[in-house]
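Here is a short briefing on selected parts of one model. Please look over the sequence and the structure before reading on.

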Amino acid sequence: MSAQVSKPFSFLLPRCSRRWPLLLCFSLRFTATVGDRHHCHTLPSDVHLLPRQQGEQHISQSLPNPYDLVKEDPIQVCSDLWVRCFARPPDAPPLPNLTGFLKKFDLWILAYQRACAHHTGSFPARIAIHLPHLRSLLSLQMSVLASPRRTHLWGAVTHLLLRSPADPPSTRPISRRKFHAALQNAPPPFQDRVVQELLLLLLEPVFEPRFSSKSHAFRPGRSPHTVLRTLRSQFAGYLWFLKANLSHIVNAFDSDIILPCVQRGTSDRKVLSLIKSALRMPVRPGASQSGEEKVDQLAKMRMKRKMLRASRKKKVLNDNEPKPDPYWLRTFFGFVPGEAASVPNYGHCGILSPLLANICLNELDWWMEERIDKYFRPSKLDSIWKESIDDSCHNPAWPEFVPSSGNEKTRKMDYIRYGSHILIGIRGPREDAAALKKDLIELCESKYGLRLENSMIEIEHITRGIEFLDHIICRRVIHPTLRYTATGGNIVSQKGVGTLLSITASLQQCIRKFRQLELVKGDKDPEPLPCTPMLYSGQAHTNSQMNNFLETMADWYKYADNRKKVVGFCAYVIRSSLAKLYAARYRLKSRAKVYRIASRDLSHPLRENTRNDAPEYSDLLRMGLVDAIEGVQFSHMSLIPSCDYTPFPRNWVPEHELVLREYIKLQDPKFFCELHKSVKHQELTSPQEYISKVVWDYKVCGVWSKSQKRVKEARKLEEGADT
């Protein structure tokens, strides 16, 4: 089971996420310098430390050996929990006991490994975790499970039970003012991240079977690409689109809204108390900024030159400090769509916040699915959706092709949600879209106690184009030639009229992102600017970074109809920006001279000055003294891949859900009985039994018994024909 189930559960391992710069956490005691004397000061009067109770002291003194508690495979434990949750019916009562999983030390180690991967950039092995860290992790577990009345103190930077391995304690002298500032601006402690990871491991399998298939954000196996493929395969034929932004409602969720929704999935008191304390405990103003100060536009303009100078300055990393993300990845993060950039954050929940938002919005998803079933009204005069709501479009070769029809059309709608942004397609009059907009506002006000403003909901026709996830949904009218065989056997060719759903990447959004990254200047006719962050990097390293960026951009626009155009524009901007950079670095004065020396893809080496006694680049490359220079990709349009039109199944589910369903079906004995009966009824055998029967017939009878039966049946048929 582990070999088959553990592979789809690779999302239990740390996800690729952006690592934010770490701030320095300070120890409980600090040393201040007053004149020429050093005094050991206690904390100020307004800073309250968590007093150690006698029970905690007793627990810390009588901690068991952590190695004795490591007994199970945490991936196997999580896989069993996923199987158990998916085997339950959707309307099953909430799970009563999750505290038993909180008592498993193996899951705490897995949560610690995932938290370390976020802070340090590497996933440590279990055998590589030192004993002091295991003891600190065990003390954190004992503190969380100490008493049902006491809850975990979130954000306790002055009472750390567990420190990050990349955060050594500070022993340098510090003043009282700096200590106050450090406490106010300190990031959330590492131990909170571990508890959040553990709660995410337990709550995600509990609520995934309850979620609707219409939501695609912050869920394993789903991404913006699944949204675009769903739109292409299922949203053909819709005339009106309703797009709504629920960000200000989702960001205003409090404990009175979140906790009742969580209680529908689990009734465990300890888990609910942890979430309740995380939602209601106040957050320091500096802890929610993740080390990035929020300043106004005027202050940004004043600090622009200073920050630019600091960014160009060479920085030496500490021994335990993680390396920052490469330039190509940071550049790609700048192209994140607006719908994916808004990530909710509730109190001290941290990475648990997106899951809580999906739990609360799940009621909206199921409400919309009920509206979809009630709204469906088929019409025999229409060319699509004549009988069932799951009918595909008219031409199976073109799933997105919708033939034209008469005045009476089928009434149908569909719905999709990515985070707090929803998109509804309606095939019907505009009055139905306006009525749905009114009902949606009333639902948000009744369910969540917040009113959705009219400016956050837009009703647009398909001819105007609808922008979603930086892609534009529109349609093209086409006139295909339909050929069919008439009654007399004549082939008739007739011109047809229909629409083709088109999903194109927004070139204006791409230009806007490049302008924010200071790689282009202007809107209508953008001019590339030099790539100044790579000023001090070699030509081989710079080309390699930009190739990674272009490959990622080509993969992001994989399902856009204008993939060649938008990726070609990105390649033009990057290649021109590098050419300007090389012209400034090697004093070549113009891009044309750079292209003349380095070729169109910038793969030939550029030198600042040539000397007769210097060895050639080929000799240095053969000796291994320089890196090979890769040419910038997509220098010609023919090298850019085309759009991926792979059909997307209507009832698509991620791979791990398919494996779970199949595994649960194989565990059912009734399924095996029915399978055995069907095999007997259809006279089907396994290949091993088939070969063994053939060998036995040849050994005993000298001939295959099945062939004898066929010969006898053929003779009987011949005799019957003669008579």
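Strand E6 (residues 421-427) is largely enclosed by the rest of the structure, because seven of its seven residues are buried. Buried means under 20% relative accessible area, exposed over 50%, and partly exposed in between (1.4 Å probe, protein chains only). Helices (H or I, at least four residues) and strands (E, at least two) are DSSP runs, numbered from the N terminus.

This is a predicted model: local features need pLDDT of at least 70, side-chain atom pairs count only at pLDDT 80 or more, and totals for chains, interfaces and linings use all residues. Residues are numbered from 1 along each chain as its sequence is written, and side-chain values use heavy atoms, with hydrogens and water left out.

**Strand E6 and its partners**
- His421, Leu423, Gly425 and Arg427 point one way from E6, while Ile422, Ile424 and Ile426 point the other way.
- Strand E3 (residues 240-245) runs antiparallel to E6, joined by six bridges; two strands pair if DSSP finds at least two bridges between them.
- Within this pairing, Phe241 stands opposite Gly425.
- Strand E5 (residues 412-418) also pairs with E6 in the antiparallel sense, over seven bridges.
- Lys412 has Arg427 as its bridge partner in E6.
- A hairpin is formed by E5 and E6, with two residues between them. Gly419 in the turn has a positive phi of about 70 degrees.

**Helix H13**
- Helix H13 (residues 269-280) has 12 residues and reaches 16 Å from its first C-alpha to its last. That is close to the 16 Å expected at 1.5 Å a residue, where the expected span is 1.5 Å times one less than the number of residues.
- Nine of the 12 residues are buried, so H13 is largely enclosed by the rest of the structure.
- Among the buried residues are Lys270, Val271, Leu272 and Leu279.
- Their cover includes helix H5 (99-102), helix H7 (131-144), helix H9 (190-207), helix H12 (255-263) and helix H17 (353-375).
- Asp268 caps the N-terminal end of H13, with a side-chain oxygen 3.2 Å from the backbone nitrogen of Lys270.

**His216**
- His216 lies in the loop between H9 and helix H10 (224-234).
- His216 is buried, with a relative accessible area of 3%.
- The side chains of His216 and Thr226 are joined by a polar contact of 3.0 Å. A polar contact is a pair of N or O atoms within 3.5 Å; within protein, one must be able to donate a hydrogen and the other to accept it, and residues adjacent in sequence count only if both atoms are side-chain atoms.
- Leaving aside neighbours within four places in sequence, the contacts of His216 (heavy atoms within 4.5 Å) include Arg222, Val227, Ile416 and Tyr418.

**Hairpin of E10 and E11**
- Strand E10 (residues 481-485) and strand E11 (residues 491-495) pair in the antiparallel sense over five bridges.
- Thr481 stands opposite Lys495 in E11.
- Five residues lie between the strands of this hairpin, where Gly489 takes a positive phi near 90 degrees.
- Arg483 is found in E10. Arg483 counts as exposed, at 61% relative accessibility.
- Arg483 touches Val492 and Ser493, not counting residues up to four places away in sequence.
- The C-alpha atoms of Arg483 and Gln494 are separated by 6.4 Å, though these residues are 11 apart along the chain.
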